[in-house]
Amino acid sequence: MNPYVRSTDPTAADPLAAARRAGLRGVPDGTRIVAHKFGGSSLADAQRYRAVAAILREQPEGRQITVVSAMQGVTDALIALAGEAAGGSAGWRATAAALHERHRLTARELLGAAAAPVEAWLDASHAALGELLQALAVLGFPAREALERIQGLGEVWSARLLSALLAADGGDCAMLDAREVLVVRHGELGVAVDWQASAARLADWRERHPASRVVATGFVARDADGRPTVLGRNGSDYSGAIFAALFGADELNIWTDVDGVLSADPRLVPEAVPLAAVSYEEACELAYFGAKVIHPQTMLPAMALGLPIRIRNTFRPDHAGTRIGAGDAPAVPVKGLSLADHLAIVDVEGAGMIGVPGTAERVFAALRDAGVSVVMISQGSSEHSICCVVRAGDVERARDGLTAAFAAELAGGQIQAVTITPGISVLAAVGDGMAGMPGVAARLFATLGRARVNVRAIAQGASERNISVALASADAARALRAAHAGFWLSPQTLSVGLIGPGHVGRALLGQIREAAERLQRETRLDLRVRAIASSRRLWTDERGLLSADWAERLGGDGEAADLDRFTAHVHAPHLPHAVIVDCSASAAVAERYADWLGAGIHVVTPNKQAGAGPWARYAAIRAAADSGGARWRYEATVGAGLPVIQTLRDLLDTGDELIAVEGIFSGTLAWLFNRYDGSQPFSALVAEAHALGYTEPDPRDDLSGLDVARKLVILAREAGRELELADVAVESLVPAALGAAPREGVTAALSALDAPMAERLARAEAAGHVLRYVARLGRDGARVELAELSRSHAFAHLRLTDNIVQFTTRRYASNPLIVQGPGAGPDVTAAGVFADLLRLGAALGARL
């Protein structure tokens, strides 16, 4: 009978339960018994021993069993020491002496004048170690029995130090060397406890040591023949569970250096959070796939007895930690994610496998014979291939074993190949709440897809508690962070890089700083501005926490501008999503969009050079966005913060047909002609608009009409028309004299505008009209011009910098659809860019 599984037959023998009952003999009813296990990081030095003793003294009244690991680093040092001695190294004596001195000094620091008995005991123990090491040096190889005796000594020394410290205050404390009590056997499935023999030995030991507080050694035991042995790596935690069961404990506290079981590895996901409670099964799944807080074997006795385990932080003893026990109703489908690294895929593939019974059996038998443990299995329903994930160190044995087992089929062509894919990690999403809940797998795969992570293999058990995916190790950190955010275990993180910190870029960064905390709190969107680039300088930041002095840091701490370095920093492999916000007006920057999008970097921009530039560039950008999965958002290229492009997109996507677009697309020109009534020269208005920041640095860029023409081209292309900027008939407002002026002389040359504008105004007023600079796209072509409109026209009564766009469609034929609002100024343009950034966050899974 499996001693870790409770029998459903009440008459059947249950050795674990019997051992527990034996441990409770003589204990008064109602006595609370709590087991504690302290790891090496909790016992690194004398200061930590004192902290552990304080924790134990502050526990509620009752009985305590405390299991300890060796001091931090000691077990590894002992194993290395045995290797040095067996290998003939002359330095092993000095190494052993240093280890002895470390424990002697710790004893003196802990016990002061009362340390002499413990020092004498340590001297004897280290002398015995020296004799063992000398024997290994003579033998010239590390004998297994000697090695197991040596590597368990750290726990023995540690238990002696802690028990002496607890007893120094007059406390009732006994030290238990587990080798006196614990009997185990090693088998194919690991270490199994002889519960009956161990319980009997413990009963004898308790007769001689009735103290209410016991400090026991972890990791060590004896086999059935009485020889010292060890429980393997993580054996001290396993010892904690074993002694908790043998002593009849009500709870096992495992003290470590973290606040509990975390939702993910905090080294890869800094936003990982401690979980208040997980079930035994959830903890086993997380531990198997890489969570280091607890080993699955540790939970076996606890699971069988229903004994709760609590993971707690020695350095923060007031923290409640994580309770592992029988599962309550799960609040969320996925509790946590873990990542197993250093793996490879072994794939057996061939048409000859289809419908042939026993093929899978032969695959796994070959792997067993080769001594290879299978981490994950995936087989397609076609039976054309069987895919196994194994540890990287086992991959050669796996390939050789499978090649030998299927040599005849490989020679005959029934099996095409045994292939190896190295550099694999397995990401596991774990949670009891996944069972029976539709859409969990869909969310996982959609999240990974948005993060541009390719899944190589998939496995899900019938319990639905775990979905595991194999993926390239290069994508592992990004996949983990994306999935963590995708299940709302942490904010959805966007690595943001901004190009062009001018008027619009500066306003956008201010809006992001103001909204960042609220967005994290309310929508789980985490915007990390990790790079800012001007035409000359580049500033990068690893954490992406935008400070108020970013402009000074760009100028002071920044380096020379380098868009390749900028891109590499923004597209960090450990962050799931990257977005570049281009607030420049640079055609050279727009040339990079296709490469960025093809690499999975999203692009948000008010730069019209991409949407209205050469058709070949536009087509390449569009193709990269369509094929690569990254998004290109450019609402602010037309109408600043107005929903112009989105409105047109909605019309077309719902089946409407565009007949014509008319509008005033320049907030600058709208402001000029809304104000121009002849009471002051037109040049004075242009100068005023420039001072208010409405115009480009060179006002001729606005007056030329090319900016308006670019916006018309963007709308035409959105409607499916292959229009170039040269196809738009543009009426420029820049007279020859102004056009010929050097840039530094533009202000003085603006007076050249006055006479022609006065003449146009007089003509319009004589006809009862107003002047407006209008863009038109119809079936007869595209043009941009200064038009005379009747005073009853919709464009005649705009306010200040208002843009207005009029869509005439099949549905809106007699009464066109109008979008109107402010269309100039850094704040409204930045708001349009910010809105696109938020739409991107929503598309990536933020709760916007």
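This is a predicted model: local features need pLDDT of at least 70, side-chain atom pairs count only at pLDDT 80 or more; totals for chains, interfaces and linings use all residues.
Close-up 1. Leu129, Leu132, Leu133 and Leu136 of α5 touch Ala146, Arg149 and Ile150 of α6, where contact means heavy atoms within 4.5 Å. By class, this contact holds 6 nonpolar, no polar and 1 charged residues (nonpolar: Ala, Val, Leu, Ile, Met, Phe, Trp, Tyr, Cys and Pro; charged: Asp, Glu, Lys and Arg; polar: the others, Gly among them). The axes of α5 (residues 116-139) and α6 (residues 144-151) come within 11 Å and cross at roughly 150 degrees. The two helices are therefore roughly antiparallel (angles over 145 degrees; under 35 counts as roughly parallel). Helices are DSSP runs (H or I, at least four residues) numbered from the N terminus; axes are lines fitted to C-alpha atoms over the stretch in contact, with angles from 0 to 180 degrees between N-to-C directions.

Residues are numbered from 1 along each chain as its sequence is written. Local features need pLDDT of at least 70, side-chain atom pairs count only at pLDDT 80 or more, totals for chains, interfaces and linings use all residues, and side-chain values use heavy atoms, with hydrogens and water left out.

**Close-up 2. Packing of α6 with α7.** Helix α7 spans residues 153-168, and its axis lies 4 Å from that of α6 at an angle of about 25 degrees. That makes α6 roughly parallel to α7. Arg149, Ile150 and Gln151 in α6 meet Leu153, Gly154 and Glu155 in α7. The contact of α6 with α7 divides into 2 nonpolar, 2 polar and 2 charged residues.

**Close-up 3. Packing of α4 with α7.** The axes of α4 (residues 92-111) and α7 cross at roughly 10 degrees and come within 10 Å, so α4 and α7 are roughly parallel. From α4, Leu99, His103, Thr106, Ala107, Leu110 and Leu111 take part; from α7, Trp157, Leu161, Ala164, Leu165 and Ala168. This contact has 9 nonpolar, 2 polar and no charged residues.

**Close-up 4. The second largest pocket.** A pocket is an open set of points on a 1 Å grid over the protein atoms alone, where a 1.4 Å probe fits, with protein on both sides within 12 Å along at least five of seven lines; lining residues have an atom within 4 Å of a point. The volume is about 1,100 Å³, taken as the space filled by probe spheres set on the points, which are joined across faces, edges and corners. Of the 48 lining residues, Val504, Cys583, Ser584, Ala585 and Glu696 lie nearest the centre. Helix α28 gives the most to the lining, with 4 residues. By class, the lining has 18 nonpolar, 22 polar and 8 charged residues.

Technical notes. Angles under 35 degrees count as roughly parallel, over 145 as roughly antiparallel, 65 to 115 as roughly perpendicular and the rest as oblique.
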